Amino acid sequence: MTYLRDDLKALFPERTVEDFLAIDGETVKQEVASRRTYRFERGGQAFYMKAHFGVGWREILKNLLQMKRPVLGAENEWRAIRRYEQPGVGIETMSLAACGKQGWNPARQRSFIMTDALDNTVDLEHWLPELEQWPNRGERLRLKRAIIRRLGDIGRRLHGNGMKHRDFYLCHF
């Protein structure tokens, strides 16, 4: 099963999960062998791909013993993006360009999520230390409080709509 956004069909002849997983780019994150995130460009547009190559039975059992639902692939992320877009949730996030999964064996399932690159942005983890250098203390304080309220609102909307976020870190905002 694969999905490709309509406006990208002329740019991507790929149609299967294997075709998409064959796209290569500059690795930006790979903490485990079963998952890789990389950036690539096509037709003057930048994209990020998060590829999952199967977690194995050991990882699945470890998660179950810890009373956690195992993350088997990219499906959780593309479903979350779709949920964020729904009326009443309205959480701004990255744009889904393509996604897919293949395989019936949960330990060997291969999947991916491809999103449009978020260029010219800075995450809060890197921007907040810069805020500390602002000379106007009152302005700094007002902005910090506004950020805290906004993050709290996002958390409230997530939980109010039955969603969880395993990594609610400043680097994700």
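**Cavity and sheet**

Author: The structure holds one cavity of 30 Å³ or more. This is a predicted model, where local features need pLDDT of at least 70, side-chain atom pairs count only at pLDDT 80 or more, and totals for chains, interfaces and linings use all residues. Residues are numbered from 1 along each chain as its sequence is written, and side-chain values use heavy atoms, without hydrogens and water.

Reader: What makes a space a cavity?

Author: On a 1 Å grid over the protein atoms alone, a cavity is a set of points where a 1.4 Å probe fits but cannot get out. Its volume is the space filled by probe spheres set on the points, which are joined across faces, edges and corners. The largest cavity comes to about 50 Å³.

Reader: Which residues line the largest cavity?

Author: Lys-29, Gln-30, Glu-31, Arg-35, Arg-36, Thr-37 and Lys-50. A lining residue has an atom within 4 Å of a point. Strands are DSSP runs of E, at least two residues long, numbered from the N terminus.

Reader: How many of the lining residues are charged?

Author: Five are charged, two are polar and none is nonpolar. Asp, Glu, Lys and Arg count as charged; Ala, Val, Leu, Ile, Met, Phe, Trp, Tyr, Cys and Pro as nonpolar; the others, Gly among them, as polar.

Reader: How do you know that strand 2 and strand 3 pair?

Author: Two strands pair if DSSP finds at least two bridges between them. Strand 2 and strand 3 are joined by four, so they pair, and they run antiparallel. Lys-29 has Thr-37 as its bridge partner in strand 3. The two strands form a hairpin with two residues between them.

Reader: What joins strand 4 to its partners?

Author: Eight bridges join strand 3 to strand 4, and six join strand 4 (45–52) to strand 6 (110–116). Both pairs run antiparallel. Tyr-48 stands opposite Arg-39 and also opposite Thr-115 in strand 6. In the hairpin of strand 3 and strand 4, Gly-43 takes a positive phi near 60°.

Reader: What is the strand order of the open sheet?

Author: The six strands are ordered 1-5-6-4-3-2, with antiparallel pairing.

Reader: Why are strand 1 and strand 2 called edge strands?

Author: Strand 1 (2–4) and strand 2 each pair on one side only. The twist averages 15° from one strand to the next.

Technical notes. 1 Å grid on protein atoms, 1.4 Å probe; cavity = no way out; pocket = protein on both sides within 12 Å on 5 of 7 lines; lining within 4 Å. Axes fitted to C-alpha atoms, helices over the stretch in contact; angles between N-to-C directions.
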